[in-house]
Amino acid sequence: MKKRLITLLVIILTSGFAYGASLTVESDKQEYKDSDSKIYLEGNVKVKTGDVNVQSPRAVVEIDPKNNKVNNVEFKENAYSYQLENGKKHEVKAQILEMSLLNKVFSAKGKSVSSITENGKPVVIVTADRQEYNKNNNVMKAFGNVNIVYKNVETYSEQATVYLTKDNDVKLIHLNGNAKLRQDNSKINADKLTYDNVKEEAVAIGNVYSNLVTEDNKNLEVWSEYQAYDKKTNFVTASGSAKIKYEDYYARGPKVNVFEDKQTKKLNEAVFVGRSKIETKGRTIEADRIVITMNPKDFSAEGNVKSTLPNIGNMN
C-alpha cells in the first residue's frame, strides 16, 4: 500500500506552532475518529517537525477539540526518533515514544535508550525504563534502572537528570537513589550524587562509599556522609563520620582530606582533622590530627596523642 500524506493533520499544523515549523506525517493507513479527537496511524509511520524525525509501526495523534490543534503524538512498538543539531545526532529508541508538541517534551517508555553521537561516535548514552527530554531547557530525565555512559564516566541510579548545553554537551548529571559513579579505576556510591562535567567535580551525599586508587596503585576505601572529589586537583574531602581503610590501617574522625603526590599526581596522603583515631596491628592511636601516607606507608599523630598498645604480657 502506498504511503499517503495525512492532509488533515498538515492543515491543522501549518500555523507553525510546533517547534516553530510545520509538521508532516506519512503512513500506510490512517483513521480519524471525531468522537475521541484522535487520528490512528498504521504502517511505516513517519513524522517530521523541524529537525526532529520520528518513525514507528503505529502512532496515535491527539487533537485538542477546543482549538483543533495537536497536543500529543504517541508512537508505539519500537519507536525511533532522531534530531540533527549543531553537528550532533540525538537519538531515542523505546517501546513507546510520546511527543508533546505544546510543551516540546519527548517521553520514552519501555527499555528506552537515548544517545548523542558526534562524527559517528557516541558522546553520551542513557538507558532507563522511562526517559523525558525537554527541548525548551535541554534537560533529560530518566527513571528506573538508569545507566549513563559519558566518556570515561559511567553511572547507575534509580533516577537521573542530565543538563545539556545548547550544543548537546553534558553540563551536569544529578543521580538519586542508590547512585553509583565509576571513573577510570575509582568508584563512588551514595544516596545522591552530582557530577559537574565543566568543573570535573563529583559531590556525593548520604551513605557515601568511595574506592580510590592511590599512588602505589592500591585501593583506599573511604566512608562518610558527604564527599567531594575534584578531578583537576585530584583532591578528595570527606566529612560526617569519616572513615578510611588502607591495607591494615583503619582510621576514623570528623573529617578527612586526601591529597595527591605533586610528582605522580596520584592520591598519596590522608589528613584527619578533629579528634581522630587510627588502628593498626593491635595498636590504637588517638589525636587531634592524624596524617597517613601511602608511599612510603606511614602515619603520624599530633595534638593530645593517646596510644593503646596490645598486652605485652606479665611485667613481674
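**Hairpins, a pocket and a few residues**

Student: In the hairpin of β13 and β14, which residue takes a positive phi?

Tutor: That's Glu200, with a phi near 55°, in a hairpin that has four residues between the strands. Strands here are DSSP runs of E, at least two residues long, numbered from the N terminus. One caution: this is a predicted model, so local features need pLDDT of at least 70 and side-chain atom pairs count only at pLDDT 80 or more, while totals for chains, interfaces and linings use all residues. Residues are numbered from 1 along each chain as its sequence is written, and side-chain values use heavy atoms, without hydrogens or water.

Student: How many bridges do β13 and β14 have, and in which sense do they pair?

Tutor: Eight, in the antiparallel sense, with β14 covering residues 201–213. Pairing takes at least two DSSP bridges between the strands. Lys187 has Asn211 of β14 as its bridge partner.

Student: And what about β12 with β13?

Tutor: Antiparallel again, over ten bridges, between residues 170–183 and residues 186–196. Leu181 is bridged to Ile188 in β13.

Student: Which residue has the positive phi in that hairpin?

Tutor: Asp184, near 55°, and here there are two residues between the strands. Most residues other than glycine have a negative phi.

Student: Which residues does the cis peptide bond join?

Tutor: Asn295 and Pro296, with omega at about 5°. Pro296 sits in the loop between β19 (283–294) and β20 (297–302).

Student: Switching topic: how much space lies in the largest pocket, and which residues lie nearest its centre?

Tutor: About 340 Å³. Its lining has 18 residues, with Gln183, Asp184, Ser186, Tyr229 and Asn234 nearest the centre. A pocket here is an open set of points on a 1 Å grid over the protein atoms alone where a 1.4 Å probe fits, with protein on both sides within 12 Å along at least five of seven lines; lining residues have an atom within 4 Å of a point. The volume is the space filled by probe spheres set on the points, which are joined across faces, edges and corners.

Student: Where is Asn53, and what is it in contact with?

Tutor: Asn53 is in β5 (residues 52–64) and is buried, at 14% relative accessible area. Leaving aside neighbours within four places in sequence, Asn53 has contacts (heavy atoms within 4.5 Å) with Val47, Lys48, Tyr80, Ser81 and Tyr82.

Student: And what does Thr117 touch?

Tutor: Thr117, in β8 (residues 105–118), is buried at 14%. Not counting residues up to four places away in sequence, its contacts include Gly87, Lys88, Pro122 and Val123.

Student: Last one: what pLDDT does the chain average?

Tutor: It averages 86, and 91% of the residues score at least 70; pLDDT is the predictor's confidence in each residue, from 0 to 100. Over residues 1–20 the pLDDT is below 50, though the stretch has 55 contacts in the model beyond near neighbours in sequence. Where pLDDT is low, predicted coordinates should not be read in detail.

Terms used. Buried < 20%, exposed > 50% of the residue type's maximum accessible area, 1.4 Å probe, protein only.
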